[in-house]
Amino acid sequence: MAQRYGGKYSPDGAQGGTPPVDRGSYQGAQRTKAGGRVNLLFLAPLPLIVKAFTSEPVDMAMYLAALGLLILAAWLTREGILAQEAYEARKVARRPALPRKIVGSLATGLGLGIAGFAGFGLLEAVIFAVLGAVIHSFAFGLDPLQDKGAEGVDLFQTDRVARAVDEAEKHLSAMSDAIKRAGDRQLEGRIERFKSTARDLFRTVEEDPRDLTAARKYLSVYLLGAKDATVKFADIYSRNRDSAARQDYVTLLDDLEGNFAARTEKLLLDDRSDLTIEIDVLRDRLQREGIRPNGNNE
């Protein structure tokens, strides 16, 4: 879509400075891996339905059990990939409580083993089970098995931050789901831009859990209010396409995004101030012990 050019020296340009940088609606967005091959996992076992209902009752039961296990494995694999993406997106994260991809590999092997036993025999079942589990593991990898970025960090504080961020992410997801009902692609992109700004604050708090107290109302009260406003706006706008309501909602998002960005910057400045204080204290201590800053002893 064509956009009017605007700059410092244009008629409507910003006075006395440069215009704000447009981050883009989907800056930093990445394509999820929970598609493509994962979707094929749901389709691959479907021929077992035909095989089941053209077999003897005992074989039919085994084929249906194999089908159920393979569908379960596909679901576990998809959920494991989503959990890993969330783990990789954070600088401080706990390993998943349930290694879904590993369990998915085992379920794949067991499902193929049952199908192989029903159609062939015990030896074939063992071969299918081992190959299925191994190939699945190579294709989709293993789950994260270690905590990330938690060295030297109070685990209690880290858990508090993780719970707060998880709740905040639920509010953001609810906003995305609600705005889809409005049927406005520009607003969907605007929500994505706000989510990117909000997640900058999340990552800042994760890096220093001490910032949670200062940012808690942003992760809970403000995002809860934004979610409720988005739900109400989507209901109204989907019915009558009220342009005034749309403008009010966009203004709300602008205000929220500005507040979140300002809070993130404030936390970063506070962190740098804390670092400067620590450096000055360390230098004073070294000087009292007769060690010069350049590393030469007196």
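**Fold composition and an aromatic cluster**

The model is predicted: local features need pLDDT of at least 70 and side-chain atom pairs pLDDT 80 or more, whereas totals for chains, interfaces and linings use all residues. Residues are numbered from 1 along each chain as its sequence is written, and side-chain values use heavy atoms, with hydrogens and water left out.

The chain contains nine helices and zero strands, assigned as DSSP runs (H or I, at least four residues, for helices; E, at least two, for strands) and numbered from the N terminus. Among contacts (heavy atoms within 4.5 Å) with a separation of 6 or more, 75% join residues 24 or more positions apart.

Six aromatic pairs were counted, a pair being rings of Phe, Tyr or Trp (its six-membered ring) with centres within 6.5 Å; planes under 30 degrees apart are stacked, over 60 edge-to-face and the rest tilted. One of these, Phe194 with Phe260, is edge-to-face, at 5.4 Å centre to centre and 80 degrees between the planes. Phe194 lies in helix α7 (residues 185-207) and Phe260 in helix α9 (residues 243-288), so the pair ties together parts 66 residues apart in sequence. Both Phe194 and Phe260 are buried.

Tyr218 and Phe260 also form an edge-to-face pair, with 5.4 Å between centres and 85 degrees between planes. This pair links helix α8 (residues 212-240), which holds Tyr218, to helix α9 across 42 residues. Tyr218 counts as buried at 8% relative accessibility, and Phe260 at 0%. Phe194, Tyr218, Tyr222 and Phe260 form one aromatic cluster.

Conventions
Buried < 20%, exposed > 50% of the residue type's maximum accessible area, 1.4 Å probe, protein only.
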